[in-house]
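Student: I'd like to go through this model with you and ask what stands behind each label. Could we start with the contacts between charged side chains?

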Amino acid sequence: MTIKITRKDLDNIIQHARECFPIEACGFLLGKRMGEIGVVERVYRSKNILNSSFEYQIDLQTQLEIFEMAESMGLEVIGFYHSHPYWEPFWSNLDEERSKLWVGYSYLVISPKTSKYRSYFRRKEAAVEERVITV
């Protein structure tokens with residue numbers, strides 16, 4: 001899998017991660033899937049209701065609103081993003097466990113300290129790293 005995102009949207013996510021530090025930032029990636037490529041067309045910030053440095057959760061009402069908004073715009077939620085405030089953007093055991101209910105979605109992980117990022121695509125059996133193309 002590959003995820004394609006504009007430099008502007010990526011910078012917005014990195015800025016969000018820095019603003020939330022030391023709490024994990026989180027949000028939504030809206031766009032379209034074109035075969036093996038997920039094209040991000042909009043990024044929406046969300047609140048981490050856990051207020052935690054090592055995990056995040058988005059409240060159910062916000063999730064519902066964003067999914068409905070995406071549909072009304074002719075888009076879909078193709079993934080999520082979150083930050084790892086103190087760590088590199090590697091897929092954690094907690095990320096693996098939490099993503100099991102969200103098969104078919106991309107997860108962009110950001111390090112606000114280094115501005116490094118990685119994306120993972122959740123398959124049924126496990127998440128795999130996917131290529132990120134910035135345009």
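Tutor: Gladly! Let's begin with Arg 118, which forms a salt bridge with Glu 129, their closest N and O atoms being 3.3 Å apart. Arg 118 lies in strand β6 and Glu 129 in strand β7 (residues 127-134), so the pair ties together parts that are 11 residues apart in sequence. One word on the source: this is a predicted model, where local features need pLDDT of at least 70 and side-chain atom pairs count only at pLDDT 80 or more, while totals for chains, interfaces and linings use all residues. Residues are numbered from 1 along each chain as its sequence is written, and side-chain values use heavy atoms, with hydrogens and water left out.

Student: Why is the contact of Arg 118 with Glu 129 called a salt bridge?

Tutor: The term asks for a side-chain nitrogen of Lys or Arg within 4 Å of a carboxyl oxygen of Asp or Glu. The closest N and O atoms of Arg 118 and Glu 129 are 3.3 Å apart, so the pair qualifies.

Student: How do you know what counts as a strand, such as β7?

Tutor: Strands are DSSP runs of E with at least two residues, helices are runs of H or I with at least four, and both are numbered from the N terminus. Strand β7 covers residues 127-134, so it meets the requirement for a strand.

Student: What makes Arg 118 buried, exposed or partly exposed?

Tutor: Its relative accessible area is 25%. Buried means under 20%, exposed over 50%, and partly exposed in between (1.4 Å probe, protein chains only), so Arg 118 is partly exposed.

Student: How many salt bridges does the structure hold?

Tutor: There are six. One of them joins the side chains of Glu 96 and Arg 122, at 2.6 Å from N to O. Glu 96 lies in helix α3 (residues 93-99) and Arg 122 in strand β6 (residues 117-122), so this pair ties together parts that are 26 residues apart in sequence. Both Glu 96 and Arg 122 are buried. Lys 100 and Glu 97 form another salt bridge, with 3.2 Å between the closest N and O atoms. Lys 100 is partly exposed at 42% relative accessible area, and Glu 97 is partly exposed at 48%.

Student: What makes a space a pocket?

Tutor: On a 1 Å grid over the protein atoms alone, a pocket is an open set of points with protein on both sides within 12 Å along at least five of seven lines, whereas a cavity is a set where a 1.4 Å probe fits but cannot get out. The largest pocket here has a volume of about 450 Å³, a volume being the space filled by probe spheres set on the points, which are joined across faces, edges and corners.

Student: Which residues line the largest pocket?

Tutor: Lining residues have an atom within 4 Å of a point. There are 21, and the closest to the centre are Tyr 56, Gln 57, Arg 98, Ser 99 and Trp 102. Helix α3 gives the most to the lining, with four residues; α2 (60-72), β4 (76-83) and α3 each supply at least two.

Student: What makes Phe 21 and Pro 22 worth a look?

Tutor: The peptide bond from Phe 21 to Pro 22 is cis, with omega near 15 degrees. Most peptide bonds are trans. Phe 21 lies in the loop between α1 (7-20) and β2 (26-34), and Pro 22 lies in that loop as well. Phe 21 is partly exposed, with a relative accessible area of 34%.

Student: Which residues have a positive phi?

Tutor: Among them are Asn 51, with phi near 50 degrees, and Ser 115, with phi near 65 degrees. Most residues other than glycine have a negative phi. Asn 51 is found in the loop between β3 (37-46) and α2, and Ser 115 in the loop between β5 (106-110) and β6.
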